[in-house]
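Open the model in your viewer and switch to cartoon. Follow the stops below in order.

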Amino acid sequence: MTPRVRRLALPLLTASVLALATAACGGGGTATEASAKPGEKIKLTVGSFGDLGFKPLYEEYKKTHPNIEIAESVTQFNDHHSNLVKRLATNAGAAGVEAVEVGYISTFTAQPGRFVDLKQYGRDRRQADYLDGNGSRA
């Protein structure tokens, strides 16, 4: 994994976990992010398309967050985005963290209440951790 990709992805994963503090997900005997006590096991679900190269980042993240279990669901590019539209419309089935390709962002910006603004978790203070332009697109 290149340093540039790592520079983007690890803070994004970290911010995503923080952003989920207000979301309800989990199940299977694990706590939700909102209800977890320090050290309690948390299951974080990630919806993705293709191989975005996050698996090594998950392992790196879990080294410093041993109570986090990360479960990734990968589907085909178009299916992923189409399914996400349906899941948001029915308020059921979306992962705690969902990958969205830049070309699809406008599909979801009309639904701001369905997403967490990472700025409230300090995303603006970490601008240097993101590739040029990525922060202004989302």
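Helices (H or I, at least four residues) and strands (E, at least two) are DSSP runs, numbered from the N terminus. Two strands pair if DSSP finds at least two bridges between them. This is a predicted model: local features need pLDDT of at least 70, side-chain atom pairs count only at pLDDT 80 or more, and totals for chains, interfaces and linings use all residues. Residues are numbered from 1 along each chain as its sequence is written, and side-chain values use heavy atoms, with hydrogens and water left out.

**The sheet.** Select the three strands. They form an open, parallel sheet in the order S2-S1-S3. Strand S2 (68-75) and strand S3 (97-98) are the edges, each pairing on one side only. Now take S1 (residues 42-49): eight bridges join S1 to S2. Pick Ser48; its bridge partner in S2 is Val74.

**The salt bridges.** Show side chains. There are two salt bridges (a side-chain nitrogen of Lys or Arg within 4 Å of a carboxyl oxygen of Asp or Glu). Select Lys55 and Glu72: their closest N and O atoms are 2.9 Å apart. Lys55 lies in H2 and Glu72 in S2, so the pair ties together parts 17 residues apart in sequence. Next, select Glu59 and Lys62, which meet at 3.2 Å, N to O. Both lie in H2, three residues apart, about one turn of the helix.
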